[in-house]
Amino acid sequence: MVSLRSSKTPLLLALSLLTTLTAATTRGLALGAEPLSDADLGKLVQPGTPIKWYYTWSLSPNNYLKSNKGDIKFFPLVNPDQANAGLANTLNGLRAGSDHLLTFNEPDIPAANGGNPIEPTRAAQLYLDFIKPLREKGWKVSHPVVSGSPQGRAWLQQFRDACQARDSAGCTSDFVSVHWYGPLDGLKDHLEQLRKFYNPVANGMKFYITELAQPSASESDNLALLKGAAPYLDGLNWVEGYAWFGSFRQRDANGWTGPGVALLNNNGDLTSVGKYYVNK
């Protein structure tokens, strides 16, 4: 959690600021329910890869990355039905390199659309009871990651209100996880609105964009988005990482996103989007 007060000396503050400004934004992988073959996944994490972290929309790491790429961090994701008294023990079973926890994937949309719906008041109760205490055990936790829509931000407002009604300190977190599907200008606007929402600590709160793509668009349009988004996000000292939604072959894309987002073609070779993303 970011504090608005600091006891650092001016020199230490200057060094801290310099570190913040020069820290590299990292790229991640979003690995879904249809796992890639080891051969396909290996093409996304070749030597010198910019990929530094990944998640699986679950509490289970990818076996190939766990066994062969121990330097790529796993970010577990906990959904509402897993927020219970056994969560801490489950997380203890992960390797020491895991320290970021994503929470409650798209709680504002129906399950049929890929969400994990839950009322904000119930989510606040689960967060305060089972997520917030994990910060004392060394975990950096995110707020629930809502869809990139007005209803997502409305859900967050209700969630925050419910948190503060139960605990005056609220549902404190360490970073914000963001989903965005659409053009670059929309991404910029969405991020700025979220920064305002998390004010007054927004200047210190870190952001991860954990789903990013241009749905129902061509490969060339997605490449254009990535070429615009990557340098933009890399230049923001409050963005620590981003993950492209497309870690699959074109034939495995869902009907909404379409094959243009895929990092691999149907032969298992990198698409133009894939080449740009993993060969930074």
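Which side chains meet in a salt bridge at 2.7 Å, N to O? They are those of Asp40 and Arg249.

## Basis

This is a predicted model, in which local features need pLDDT of at least 70, side-chain atom pairs count only at pLDDT 80 or more, and totals for chains, interfaces and linings use all residues. Residues are numbered from 1 along each chain as its sequence is written, and side-chain values use heavy atoms, with hydrogens and water left out.

## Salt bridges

A salt bridge is a side-chain nitrogen of Lys or Arg within 4 Å of a carboxyl oxygen of Asp or Glu, and the count by this rule is five. In one of them, Asp40 of helix 2 (residues 38–44) pairs with Arg249 of the loop between strand 9 (239–244) and helix 9 (272–278), so parts 209 residues apart in sequence are tied together. Helices (H or I, at least four residues) and strands (E, at least two) are DSSP runs, numbered from the N terminus. Asp40 and Arg249 are both buried, where buried means under 20% relative accessible area, exposed over 50%, and partly exposed in between (1.4 Å probe, protein chains only).

Two further bridges join the loop between helix 5 and strand 6 to the loop between helix 6 and strand 7. Asp167 and Lys132 have their closest N and O atoms 3.3 Å apart; Asp167 is partly exposed at 26%, whereas Lys132 is buried at 18%. Asp174 and Arg135 meet at 3.0 Å, N to O, and lie 39 residues apart. Here Asp174 is buried at 18% and Arg135 partly exposed at 23%.

## Helix 5

Helix 5 spans residues 120–131, and its buried residues are Pro120, Ala123, Ala124, Leu126, Tyr127, Leu128 and Ile131. These buried residues pack against strand 4 (77–78), helix 4 (87–92), strand 5 (100–105), strand 6 (140–145) and helix 6 (150–166), with contact meaning heavy atoms within 4.5 Å.

## Cavities

A cavity is a set of points, on a 1 Å grid over the protein atoms alone, where a 1.4 Å probe fits but cannot get out; lining residues have an atom within 4 Å of a point.

The lining of the largest cavity includes Pro144, Leu156, His179, His190 and Tyr198. Strand 6, strand 7 (175–181) and helix 7 (184–197) each give two or more residues to this lining, with the largest share, four residues, from strand 7.

How values were computed:
On a 1 Å grid over the protein atoms alone, a cavity is a set of points where a 1.4 Å probe fits but cannot get out, and a pocket is an open set with protein on both sides within 12 Å along at least five of seven lines; lining residues have an atom within 4 Å of a point.
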